[in-house]
Amino acid sequence: MGRYIGKRLLLMIPILLGISLIVLVLIDITPGDPARIIAGSTATEEEYEQIREDLGLNDPLIVRYTRFIANSLRGDLGKSFITKRAVWPDMMARFPYTLLLAVLSTVLSIIIGIPLGVYAATNQYSWKDNLAIIASLFCVSMPAFWFALLLIQFFAVKHRILPMAGIEQWQGWVLPVVSLALGYASIISRQMRSNMLEVIRQDYIITARAKGLSEHKVLYRHALKNALIPVIMTVGTMFGMSLGGALIAEVIFSIPGLGNYTLTGLVNRDYPVIQGSVLFLSALFSIVILLIDIVFAFIDPRIRSQYVRAKRRVREGT
Amino acid sequence: MIRGLRIEVHEVAENILEIKDLVVKYHTDDAVIHAVNGVNLTVKKGETIGLVGETGAGKTTIARSILRILQTPPAKIWGGEIIFKDEDIMQKTEKEMRKIRGNQIAMIFQDPMTALNPIERVGFQIAEAIGLHNKISRAEAERRACDMLEMVGIPMERYNEYPHQFSGGMKQRVVIAMALACNPELLLADEPTTALDVTIQAQVLEMMQSLKEKLGTSVILITHDLGVVAQTCDSVAVVYAGEIVEYGTAEHIFDHTAHPYTIGLFNSLPKLDSTEPRLKPIKGLMPDPTNLPKGCSFCERCPEAMEKCAEKSPGVTEVAPGHFVKCFLVGGE
Amino acid sequence: MSKPAKKKSGLSETWRQLKKNKAAVVSLFIIIAVALVAIFAPFLAPYPYDEQNTKRALEPPSEDYLLGTDRLGRDILSRLIYGTRQSLQMGVVATVIAAVVGVIIGAVAGYYGGWVDNLLMRLLDIYQSIPMFLLCVTLAAVLGPSLRNAVIAIGISMVPGFARLMRASILTVREMEYVEAAKSINASNARIIYKHIIPNAIAPTIVSLTMSIGGSVMAGAGLSFIGLGVQPPMAEWGAMISDARNYMRAHGTLALYPGICIMITVLAFNLLGDGLRDALDPRLKN
């Protein structure tokens with residue numbers, strides 16, 4: 001098992017290298033020119049060239065790439081072109097907000113989504129199931145940013161129960177988290193429902209009933225555990241996606257998180273910010289996926305033994 | 001006046017199960033499937049009765065109806081009584097049924113690969129059945145589960161392993177251990193050896209036989225393999241299109257086969273000592289269960305079909321004591 | 001006398017199954033309706049989408065302006081109608097691009113296997129390490145905000161999903177016994193690909209494609225909302241919501257209509273995708 005984790009971590013290195021290369025290349029083909037933005041319209045040609053030199057924009061791609069990698073390993077992700085502040089510390093100051101948003105919305109979506117999915121599956125031919133399906137389809141089809149605005153309109157503007165933006169008080173977190181969580185909850189509940197429906201038709205469920213187990217035990221001890229396994233994967237991917245998707249929520253609710261930072265950087269062609277943010281968020285995403293895979297292996301004994309068996313095979317030299 | 005008292009002593013074998021006029025249909029979006037059409041069956045205590053027929057004849061439906069574990073949409077039991085130990089279990093509540101399932105009547109399923117919960121340990125799955133029907137401690141349940149494993153020939157060190165770590169034959173043994181764990185009086189074995197290799201088949205059958213003798217269990221063995229029937233069954237019921245077309249002791253069925261369908265089944269078996277160039281299958285296919293024919297359901301394929309076979313369904317005739325046939329050729333009016 | 005069951009062709013059988021699903025049929029009509037609105041927009045819209053009338057800005061629904069006007073006095077109804085063009089383009093074109101590219105990559109990887117497969121999968125791994133929406137936003141920003149670039153950005157960010165799906169389908173089908181059976185009766189490779197592999201691999205792709213259109217429409221609206229997609233004065237639903245944002249206090253319902261349009265369109269595609277999935281996969285039927 002340790003071997004597997006080590007292998008995956010090792011694999012992350014070429015992935016990160018690849019991502020940074022892609023980001024650098026992408027920025028190269030960008031029409032905008034940061035030096036021009038910084039120089040402004042009043043700079044002379046020499047000043048402009050000097051700025052380009054200072055920012056290292058004239059060096060060839062390979063040089064810039066290796067410089068970037070070398071610096072990153074030392075923890076130096078450059079300085080923002082616009083604010084002149086170091087990227088890494090700024091990112092780290094903002095990261096907790098994005099993380100909290102992602103975690104809270106994922107947790108809320110699990111709390112809502114899983115029971116809802118189980119409920120829909122166990123009431124399959126009734127109106128309750130149909131209602132649940134329709135409700136979740138609606139939520140999935142609703143743009144989260146629009147939903148957020150509607151929530152603001154209702155709770156903040158019309159009724160003044162919650163703040164419109166800003167996260168100074170804890171109430172400020174409610175609307176952003178809810179606006180994200182609802183969409184995720186619907187995805188989870190749909191998947192949970194379809195997994196439960198599939199598991200319930202399996203032979204071992206009939207075996208469990210034939211043993212005389214109460215329907216309740218059959219569902220929760222046998223069916224649910226099996227149905228839950230694929231959902232874990234979805235939860236993980238969704239958490240990862242929320243790291244990127246929380247972007248719009250941060251903009252709407254003025255949350256000083258990483259998403260906001262990245263967006264500003266993108267709009268301003270702030271290369272170091274763009275490079276740093278994309279790299280960091282992607283690395284985070286990869287780590288989350290790895291964690292999910294590990295959790296998977298622990299929970300599903302069939303997968304666990306694959307790794308144990310492989311290890312044994314290696315040890316026995318076959 | 002006292003006439004001579006004639007005291008008749010016969011072995012009254014108790015009937016452990018009596019099925020009367022069972023009718024089961026499946027209701028799907030497209031059509032209604034007439035799966036079981038008036039089945040009557042008796043199982044004596046301690047006997048092994050084989051339920052023989054092709055795939056789709058309704059054998060599994062009959063077995064699942066006994067335990068009432070059919071998927072109730074789309075299945076629906078339209079009528080009939082199932083008397084188990086003098087009580088009609090069709091009338092029992094779900095709570096009462098749960099005390100019977102796994103405890104007094106147990107079932108073994110066809111495919112050992114999917115019959116066990118893949119994420120629970122094998123020993124636990126057996127212990128769960130034991131603990132469910134006996135007021136004993138968990139440790140005691142585990143101990144008994146270990147005993148069951150040993151009884152089916154699996155070393156009890158493997159208690160904590162998962163199903164995927166066992167071969168097909170061993171998985172089936174676990175399933176058998178699970179079914180027999182509470183010492184049921186009736187065992188429903190749904191094609192227990194069909195999914196296994198022939199050599200493993202023999203082992204499992206032998207094990208089932210010895211367990212049955214040791215524990216005194218009555219068995220309904222569902223199979224499409226006449227060889228298995230010959231080896232293990234005391235009585236045989238031949239099922240076709242949801243009806244029992246012939247029933248009797250193994251001797252009746254094998255040596256005095258009466259129904260054309262059963263005769264056809266025996267004829268279609270390849271024989272080692274014959275020099276026939278081709279096999280002799282029964283022509284045609286089983287009738288569409290959504291559209292059963294008027295009259296005898298075997299009529300279309302029957303080499304001896306008469307005009308009246310297409311008009312009316314034959315009744316049951318007792319051609320010899322204990323040997324029942326549903327065919328106009330032997331009576332059936 | 002019982003008859004043998006009639007053989008039904010794949011396409012008509014799918015259609016027959018689909019027809020049973022009322023929601024899917026309704027969705028199909030909605031989609032066709034939206035498409036027609038998009039095509040005939042100039043004839044349907046009472047005003048051009050960029051005609052401003054600042055004297056009558058921010059008006060509620062009236063006789064002249066059936067759904068009211070926005071902050072520049074433009075007719076909301078007309079802008080909604082023209083907006084169908086943008087949304088459908090971002091939705092359908094982006095997804096089709098992604099599907100075509102993804103299917104080719106996945107098919108090559110799945111069919112040839114070996115080092116080709118390995119290489120492509122490693123590249124996809126790198127690709128997929130960037131969260132999809134982040135990639136989309138980055139590409140859109142980098143290429144420059146415009147409808148065309150938004151389509152490209154969305155399309156590119158959706159490729160890995162289709163590639164992996166196609167590859168997985170091909171791998172599964174390749175191993176299926178009926179392919180082995182076909183080989184054993186000496187069917188040629190091309191015939192096997194054509195008759196067995198493609199039909200079976202295509203079904204999940206079609207389902208995924210339909211559902212992805214919904215996702216693309218949302219992504220497009222999202223991009224326009226933050227200013228990286230369709231540029232003014234073009235009418236696009238996400239952009240309209242963004243416009244309305246500053247006026248929500250006084251004119252709460254301004255953002256309502258474009259959002260509803262997005263929701264109906266995405267819902268229709270999702271329902272259709274659901275229906276297609278149920279109709280195409282016999283195993284999922286009860």
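Q: At what angle do helices H5 and H6 of chain A pack?
A: In this predicted model, H5 (residues 87-122) and H6 (residues 127-141) of chain A pack at about 140°, and their axes are 8 Å apart.

Q: What does that make H5(A) relative to H6(A)?
A: Oblique. Only angles over 145 degrees count as roughly antiparallel, so this pair stays in the oblique class.

Q: Which residues of H5(A) and H6(A) meet?
A: From H5(A), A:Leu116, A:Tyr119 and A:Ala120. They meet A:Lys128, A:Asp129, A:Ala132 and A:Ile133 of H6(A). By class, that contact has five nonpolar, no polar and two charged residues.

Q: Is the crossing of H5(A) and H6(A) left-handed or right-handed?
A: Left-handed.

Q: Chain C now. How do H10 and H11 cross?
A: H10 (residues 237-245) and H11 (residues 256-280) of chain C cross at roughly 150°, with axes that come within 8 Å. That makes H10(C) roughly antiparallel to H11(C). Their crossing is left-handed.

Q: Which residues make the contact?
A: H10(C) gives C:Trp237, C:Met240 and C:Ile241, while H11(C) gives C:Pro258, C:Gly259, C:Cys261 and C:Ile262. Six of these residues are nonpolar, one is polar and none is charged.

Q: How many residues does each chain put into the contact of C with A?
A: Chain C puts in 32 residues and chain A puts in 34.

Q: Which helices of chain C supply at least two residues each to that side?
A: H5 (114-129), H6 (132-143), H9 (189-225), H10 and H11 of chain C.

Q: And what classes are the residues on the side of chain C?
A: There are 21 nonpolar, eight polar and three charged residues on the side of chain C that touches chain A.

How values were computed. Residues are numbered from 1 along each chain as its sequence is written. Chains are lettered from A and ligands numbered from 1 in the order in which they are written. This is a predicted model: local features need pLDDT of at least 70, side-chain atom pairs count only at pLDDT 80 or more; totals for chains, interfaces and linings use all residues. Axes are lines fitted to C-alpha atoms, for helices over the stretch in contact, and angles run from 0 to 180 degrees between N-to-C directions. Helices (H or I, at least four residues) and strands (E, at least two) are DSSP runs, numbered from the N terminus. Angles under 35 degrees count as roughly parallel, over 145 as roughly antiparallel, 65 to 115 as roughly perpendicular and the rest as oblique. A crossing is left-handed if the near helix is turned anticlockwise from the far one by less than a right angle, and right-handed if clockwise. Two residues are in contact if their C-beta atoms, placed from the backbone, lie within 7 Å. Ala, Val, Leu, Ile, Met, Phe, Trp, Tyr, Cys and Pro count as nonpolar, Asp, Glu, Lys and Arg as charged, and the others, Gly among them, as polar.
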